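Please read them alongside the sequence and the structure.

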Amino acid sequence: MVMILHAFVGNFSRLLTKMAADEVGMLLGIPGEMEKLSETVRDIQCVLSDAEQKQTNSSAIKRWLLQLKDVMYDADDLMDICRIKAEDRRGRYDFLSSSKVSCGISFLSCFHNPLFAHEIGKRIKDLNSRLDEISKKKSDLGLVELQDVVRPFNTRHEYSDISRQTDPSVALADLVGGKIEEDADLLVKWLTLEEMSGKENVSAVAIAGMPGIGKTTLAKRVFNDPRIQEEFHLKFWVCVSKDLKGVELLKCIIREAGGNHGAAEERSELVSMLERLVRGKKFILVLDDVWPESQNVWDELLRVPMNGGAHGSRLLVTTRDDRVARFMHATASHQVEKLLEKDDWCLLIKQVSLDETESEILKDIGLELVKKCDGVPLAIKAIGGVLRMKGKNRADWQKIIKSTLWSLADLSSDFPHAFYLSYEDLPSHLKQCFVICSLYPEDTVFERSELVYLWLAEGFLCDDGALSFLELGIEYYKELIMRNLLEVSGGYYDQICCKMHDLWRSFAGYLGKGDNFIMREGELCSRSEPLLKLRRLSIEGTVVDLDFLNKEKYLRTLLLVNNPMGEFLSNALVSFSHLRIVDLYKSNISSLPDSFCGLVHLRYLDLTGSLLKALPNSIGKLRNLVFLGLGGCLWLSDFPSSIVNLLELRFLSFHNTTIEVFPVGLRKLEKLVELHGFKPDTNNSKGLSSLEDIGNLSQLSKLILCSLEKASDITVAKEANLKEKGQLKTLILSYTPNQGREDPTTFEEKKVAQDVLNALSPPPSLEILQIIGYFGLQLPNWLHVGINLSNFKFLRFLELTECECISQLPPVGQLPNLDLLRIKGAISVISIGQEFLLDDSNGRTRKEVSHSSILPFSLLNELDFHRMSCWEEWLWEEKQLAMPKLKKLFIKNCPELSSLPKGLLHHATSLEVLQIDAAEQIKSVQDLQSVKQIHVANNPSLERISNLPNLSFILISNCPNLEILEHLKPFHRMELWDIQIETLPKYLIMAMPEKLTVWCSKRLLLKIISLEAGSSEWQKFEHIPVVKIYSHDESFYATYQKEPFSFTTNIPGKSRAVAQ
């Protein structure tokens, strides 16, 4: 399983067939060699499946595959050279990338140079000889063609259909059975009981267990428990891993605690920063996946700054090694046990989405399968991922039970057998996509499109015309998630980000050893198979062993991770002539030598967030480059003119740089799929590219245009031809913020901005649209006219940010698939009325509009209004149906809004989360039948909250005139934040939460403690079962329990327990 060759050999075979048909051998003076080579490759291809299966038990077959791999890599380099020479011969660089070449093109034009043809002919004969020797050995090794090999999918079209059937966003819950609830309940008690606190302010609790057993799942369950959320003021989570060192760990914790470490790099500076952040606050810090190598992190790094937190703060540690708990001085440690059989089966049912009938039919086989997983949740999820791609029938499940992989003894015991079975079930193209993810550090968040470009650069994506490389890559991404090999990372729209579980990452690294190597700081740079040619290297930490590095001349991929040595390595990189991928993300590299551009095989160059000041003038020589990431290079101010010769570019980002203009010739980059950060030239100067140059980029899928206030020519804007870009799915149109412009905008400038934006009409394919900082008086016509809105039938995400001059919102309620709508900073909007829901701009009568066949906002899930300082009224008639699926509504910093509309109260029947913050004129919130969580803060006019029958949680902060809290059924939890109040609010008498938490001034806390039970203050809360009251900085607290009665406090000089 060391190397996956199906896709590699298959692509090469197709190319050879094409070359043989073009009689390339005759041109090279090697008649018959191409045909012979093609036949040999096909013979080898036939036995690859057998070889991959048998290599586990045969070192000879493993060596045979490694020899074949070396030949294929050399062949790939040779084809690259031929392609470049062919384009030189034609006098242009209109060549195809390896993903296209591998599917077959003609190279005839490159072979008319006798010297070159002779050299290539000689190398092809050498390839033929080497492959012939490899082919002869297959019989001696007993390799045969497997006629009955059944791949997971027969065709790519079948694969694509299956992968679209279930969205990864509905990934089934990992929490099953009562055991995890019992464990979580125990841990929550340990973390919240005062008795568990030691002499120091912070005490530790540990969760230990074998890899894949569910430690992190349990920790997440605990972390998100409402009792934890209400107990601790600060809550932050950090994955420690082997590779995260002291300074980086401090930075992570500071970020998670809401701080900003800026450019700080010194440990002492970061420690002081962390100490200030937690001082006096009661916090819980989760350190996930602490290895023995990092077990001293508490004593040597975190103990001093974290002990400045309030008494009762907690450290929750997850680890696979019991010794870590002892080194962390844990007051309690919980060992996660294997799942019970009934819970195993329950988890598998959830993974495969079996209904009651299906689960009954498959139960006997399912129980046998989960038994083989030995109670390890991650192993069950691995099998679940396999079954999810199969039919729900006994025959498919029986095949998995009968797999010989369950009984193979030579497999590494570090991983469950289910992992091997899951991997073997992958199509070959997905095996290589999976393995390469192991090069990145534990807990890395992968962005979907960047993974796709990485796979493209490696040659893992073959575009055969049915799907583009991007569509194909997204399908690969979806299937890896469906199979549970990648996990969707929360907090990102449309599941565009994912992570890899650390055990899966270790498994992928194990599979890739020999080809791939991770050089970690503090580890000896030695490989277990030093005679093999290393192809991919990831360097983690701050130290680079140049002696080790200089020996690896066959590198194709080089990653620097948390490594500031980029500048030191920049000159050394040129010696690695086979490089295809160089990732210098956030390195300190400031320049690249011109010789770097001699890396003709390079396809992927990521310098995002680096200190780069300039690109080499000869950057255009990197003819194979498909990905160039320069976003966040704050010191980068211009491009060399040769940038327009990178005709293979699919991705180019220079967003958040100081680059203001692009050299003339952008239109030549016809294959661009993503362009981030383009700014139009103010004066349409010669020698520079303008908006009209975008018109030629027909393959764009994502486009970010910045500083659009510079665009003044409407004709040029029209020539950008956005409307005809049928692949465009994401469009971000951005203007420089008002405070960033030198002079206030005039009426004429606003009119020009409006006309230019009108000319930038998007295509019907659009799914995500953001307009940021627009200062025109009206939004473009294509957002106002109903007939145009019907064209945007795929639009799911719309954000209008800092559009300060518009006075009316567009009728976006007619967008049939809109899922999320955000309106921020529309400070000129006074009223939102019927036009927001339905468009009446075409002369239709009000009756015709109200009877429109399109239910307004029919699929809207989330609606946000932020920073709308003049918005006074929201009109939505009670009889107008709309927003039936709205779940979340956020209204923030809208100080003039006086009420919620009647239509919302009657028709938003799915609304569960409501947040109203700084809506200073709102007097009441009531009659919302479905709301479960409500947050009201900084609303000085709010007087009444009433009739919320499904309420579970309410947070009230700084609402001084709130007096009535009525018609609320008993609910779970209530929080009150207000340090200005002199007495507890009277409405507490009417509230019936199970738990109340109050943050108030120390003066009020002392007042409550000094009074007797039964006093006026006590009467406000003594009917509530559990009450906790904190001073605003959480340095002091008091807790009350109704039954059995108890009252405790940590205020010095006060009794620790007050008797009733």
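1. Two strands are taken to pair if DSSP finds at least two bridges between them, and the strands themselves (E, at least two residues), like the helices (H or I, at least four residues), are DSSP runs numbered from the N terminus. By that rule β25 and strand β26 (residues 913–917) pair in the parallel sense over five bridges, with F890 standing opposite Q915 in β26. On the way from β25 to β26 the chain passes through helix α32 (residues 902–907), and this β-α-β crossover is right-handed, a term that applies if, with the strands pointing away from the viewer, the path from the first strand over the helix to the second runs clockwise. Strand β25 (residues 888–892) is also joined to β23 by five bridges, again in a parallel arrangement, and here E862 stands opposite K888 in β25.

2. On provenance, this is a predicted model, in which local features need pLDDT of at least 70 and side-chain atom pairs count only at pLDDT 80 or more, whereas totals for chains, interfaces and linings use all residues. Residues are numbered from 1 along each chain as its sequence is written, and side-chain values use heavy atoms, with hydrogens and water left out.

3. Strand β10 (residues 536–540) is mostly covered, since five of its five residues are buried, where buried means under 20% relative accessible area, exposed over 50%, and partly exposed in between (1.4 Å probe, protein chains only). The cover extends to both faces, with R536, S538 and E540 buried on one side and L537 and I539 buried on the other. Strand β9 (residues 516–520) runs parallel to β10 and is joined to it by five bridges, F517 standing opposite L537. Five bridges likewise join β10 to strand β11 (residues 557–561), also in parallel, and S538 stands opposite L559 in β11.

4. Helix α22 (residues 448–458) deserves a look as well: ten of its eleven residues are buried, so the helix is largely enclosed by the rest of the structure. Among the buried residues of α22 are R448, Y453, W455 and E458. Just after α22, G459 takes a positive phi of about 85°.

5. The largest nonpolar core has 159 residues, and F865, W874, M883 and I956 touch the most other members; a nonpolar core here is a set of buried Ala, Val, Leu, Ile, Met, Phe, Trp, Tyr and Cys residues joined through side-chain atoms within 4.5 Å. A second, separate core of 97 residues includes V435, Y453, Y476 and L511. In soluble globular proteins, nonpolar side chains tend to be buried together. Leaving aside residues up to four places away in sequence, I956 touches V936, I945, L962, L965, M974, E975, L976, W977 and Y987, contact meaning heavy atoms within 4.5 Å.

6. With a salt bridge defined as a side-chain nitrogen of Lys or Arg within 4 Å of a carboxyl oxygen of Asp or Glu, the count comes to 46 salt bridges. One of them is between K499 and D443, at 3.3 Å from N to O. K499 lies in strand β8 (residues 497–499) and D443 in the loop between α21 (428–436) and β6 (446–447), so this pair ties together parts that are 56 residues apart in sequence. K499 counts as partly exposed at 25% relative accessibility, and D443 is partly exposed at 34%.

7. A further salt bridge links E802 and R867, with an N to O distance of 2.3 Å. E802 lies in the loop between β20 and β21 (820–824) and R867 in the loop between β23 (862–866) and β24 (873–874), so the pair ties together parts that are 65 residues apart in sequence. E802 is partly exposed at 26% relative accessibility, and R867 is partly exposed at 36%. Elsewhere, E181, D185, K189, R221, D225 and R227 are linked in a network of salt bridges.

8. Finally, R388 is found in helix α18 (residues 377–388) and is buried, with a relative accessible area of 17%. A polar atom of the R388 side chain lies 2.9 Å from the backbone oxygen of M482.

Key: A polar contact is a pair of N or O atoms within 3.5 Å; within protein, one must be able to donate a hydrogen and the other to accept it, and residues adjacent in sequence count only if both atoms are side-chain atoms.
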